[in-house]
Amino acid sequence: MKSPISVFLRATGLLCLLIASNPSSANTHPSYLTEKYCNSVVEQFVDSGMRSLDKYINEHFNPEYKGGIRNTIRFLEQRLAWLNECNDYLTDTAQTYVFHSEDDTQTIFKAINELTRELQHVRAGVEYRDDAGNNNPAPYVKRRYETLAQLVDQHHTRMLMQKQFQ
């Protein structure tokens, strides 16, 4: 006959194995996520996404046109969601990040969120008074965009340097 302690220890061991192997506690990712896919998402954001954003902010931004602001907010939210999804996948599978490091990734994500929030304020009607008393949110939006652009450009430079030495 087995002692109650050995039965308890076996049961505890089996319970620990069940908890550790429970699929709900494991990070699962959609099957389309791969390193190649995530690299293409980052590359698209760094290249054509930032060019499009630059053109909108520097040439077409007008606080009176709420539709353009709404579309840009949606663009940023969508890209941030894609980048976050890829970052989660890469940290779980390859112990890497979508941008150069964890700090760079979080800094770029923060800059995207700050630009999005600034645009949401403009869309909601928050007024940005300039020295003449006019509502002029453009400098505030541009400042947020320039911070993001500088961070993304630093990442792009690192990417190009890595490719050069591969």
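Buried, for this talk, means under 20% relative accessible area. Keep that cut-off in mind. The model is predicted.

Start with Thr72. Thr72 sits in helix H3, residues 66-93. Its relative accessible area is 8%, so Thr72 counts as buried. What is Thr72 in contact with, leaving aside its neighbours within four places in sequence? The partners are Leu53, Tyr56 and Leu119.

Two of those names lead us to the next helix. Leu53 and Tyr56 are among the buried residues of H2. Others there include Cys38, Val41, Val42, Phe45 and Val46.

Now the geometry of H2. The helix covers residues 35-60, 26 residues in total. At 1.5 Å a residue, H2 should span 38 Å. The end C-alpha atoms are 35 Å apart, which agrees. Where does H2 bend? At Gly49, by about 35°. Gly49 is also on the buried list for H2.

Last topic: aromatics. The structure holds four aromatic pairs. I'll take two of them. Tyr32 and Tyr37 have ring centres 5.4 Å apart and planes at 75°, so that pair is edge-to-face. Both partners are partly exposed: Tyr32 has a relative accessible area of 42%, and Tyr37 has 28%.

Then Tyr56 and Phe61. Their ring centres lie 6.0 Å apart with planes at 90°, so this pair is edge-to-face too. Buried or exposed? Tyr56 and Phe61 are both buried.

Conventions
Residues numbered from 1 in each chain as written. Predicted model: local features only at pLDDT ≥ 70, side-chain atom pairs only at ≥ 80, totals over all residues. Heavy atoms only, no water. Helix = DSSP H or I, 4+ residues; strand = E, 2+ residues; numbered from the N terminus. Expected span 1.5 Å × (residues − 1). Bend = angle between axes of the 7 residues up to and from the residue. Buried < 20%, exposed > 50% of the residue type's maximum accessible area, 1.4 Å probe, protein only. Phe/Tyr/Trp six-rings, centres within 6.5 Å; stacked < 30°, edge-to-face > 60°. Contact = heavy atoms within 4.5 Å.
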